[in-house]
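This report walks through a few features of one protein model for a reader who is meeting it for the first time. Please keep the sequence and the structure in view while reading.

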Amino acid sequence: MGTMGEAMMDEENILGGSTRSTPCDDNGGANHHQNDGTWFEEEIDDDLRWSFALNSVLHKGTSEYQDIALLDTKKFGKVLVIDGKMQSAEVDEFIYHECLIHPALLCHPNPKTVFIMGGGEGSAAREALRHKSIDKVVMCDIDQEVVDFCRRYLTANHDAFHNNKLHLVINDAKAELEERKEKFDIIVGDLADPVEGGPCYQLYTKSFYENILKPKLSDNGIFVTQAGPAGVFTHKEVFSSIYNTIKQVFKYVLAYTAHVPSFADTWGWVIASDQPFCLDAGKIDKKMAERIDGELLYLSGASFFSSTILNKTVAKTLKNETHVYTEEDARFIHGHGVAYRN
């Protein structure tokens, strides 16, 4: 990595990360391919960065709420970056989105309605709509610009965006849930990680879960959220705190993890309900075959069960965690949102 860093020079800053390009070739000419030699660099921590080679920058800009980039990378395909943080990569997003969506829907006896907080790229909605029982999916994202360019560029989600069961709402998820009279079988938190100054951290607080979200769940309702990095070295950033906060509100709370290559880490999710979860692998496999259109690429009954068995280091932290998210006492991952920089 040191050698590569010395060979590259800064080209421009992109939205919390940066792009870098190699010098000209030995003949003094420019590189022959578009952006050949250009890299995107995400700062994971003050002394740790994650770089990947680019074909091109498809979109970059700053919306009212956050910095946004859509990159065409050599290794991971199209990549969505928000506030300098990798959100989703074309080649392995199925891991994240299958883990986010299917466990909750499979644990529910007969899910009909889903409310997705965030999820502007459309992948969470796509996976939810694969369930034959679903009548309605509400996807509520605060950022029209994210939704618009994901609809334009992420062709894998084209059918989901045009499905008549999908109801797309541009609004703050907290305000939208407060205003709605209806209840939902499943509520999904497909939000950006809590970064200082970002738009999402208040949707990880105990007061939000207790006073706004939980009352909007129907009987047997299930809440599931992405919960940030869950690796041996990163799980204390937000994962353990999100888990402990949700434990204060719901009777049954389960954390589970999976490795996502494009995130360069293990990732975490938390699922919660006031009804117990069935983790029997055989029963889950049977439900998958009966309820879901097409084959899943990552999850099986056995792999979901195994994902709930955490390594000793992470399990001990979750058991002993005392921090609870509040508006006044939040934890953030490394990086800053637009409001912080302004």
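## The largest pocket and its surroundings

In this predicted model, the largest pocket holds about 300 Å³ of space. Its lining is made up of 19 residues, and E42, I44, P229, F263 and D265 are the ones that lie nearest the centre of the pocket. Sorted by class, the lining of the largest pocket divides as the table shows.

| Class of lining residue | Number in the largest pocket |
|---|---|
| Nonpolar | ten residues |
| Polar | three residues |

Strand 3 gives the most, with three residues.

Strand 3 is also joined to strand 4 by six bridges, and the two strands run antiparallel. Together they form a hairpin, with two residues between them, and within this pairing F40 stands opposite F52 in strand 4.

Helix 4 covers residues 144-153, and its residues V146, V147, F149, C150 and Y153 are buried. At the start of helix 4, a side-chain oxygen of D143 comes to within 3.1 Å of the backbone nitrogen of E145.

Key. Residues are numbered from 1 along each chain as its sequence is written. This is a predicted model: local features need pLDDT of at least 70, side-chain atom pairs count only at pLDDT 80 or more; totals for chains, interfaces and linings use all residues. Side-chain values use heavy atoms; hydrogens and water are left out. On a 1 Å grid over the protein atoms alone, a cavity is a set of points where a 1.4 Å probe fits but cannot get out, and a pocket is an open set with protein on both sides within 12 Å along at least five of seven lines; lining residues have an atom within 4 Å of a point. Grid points are joined across faces, edges and corners, and a volume is the space filled by probe spheres set on the points. Helices (H or I, at least four residues) and strands (E, at least two) are DSSP runs, numbered from the N terminus. Ala, Val, Leu, Ile, Met, Phe, Trp, Tyr, Cys and Pro count as nonpolar, Asp, Glu, Lys and Arg as charged, and the others, Gly among them, as polar. Buried means under 20% relative accessible area, exposed over 50%, partly exposed in between (1.4 Å probe, protein chains only). A polar contact is a pair of N or O atoms within 3.5 Å; within protein, one must be able to donate a hydrogen and the other to accept it, and residues adjacent in sequence count only if both atoms are side-chain atoms. Two strands pair if DSSP finds at least two bridges between them.
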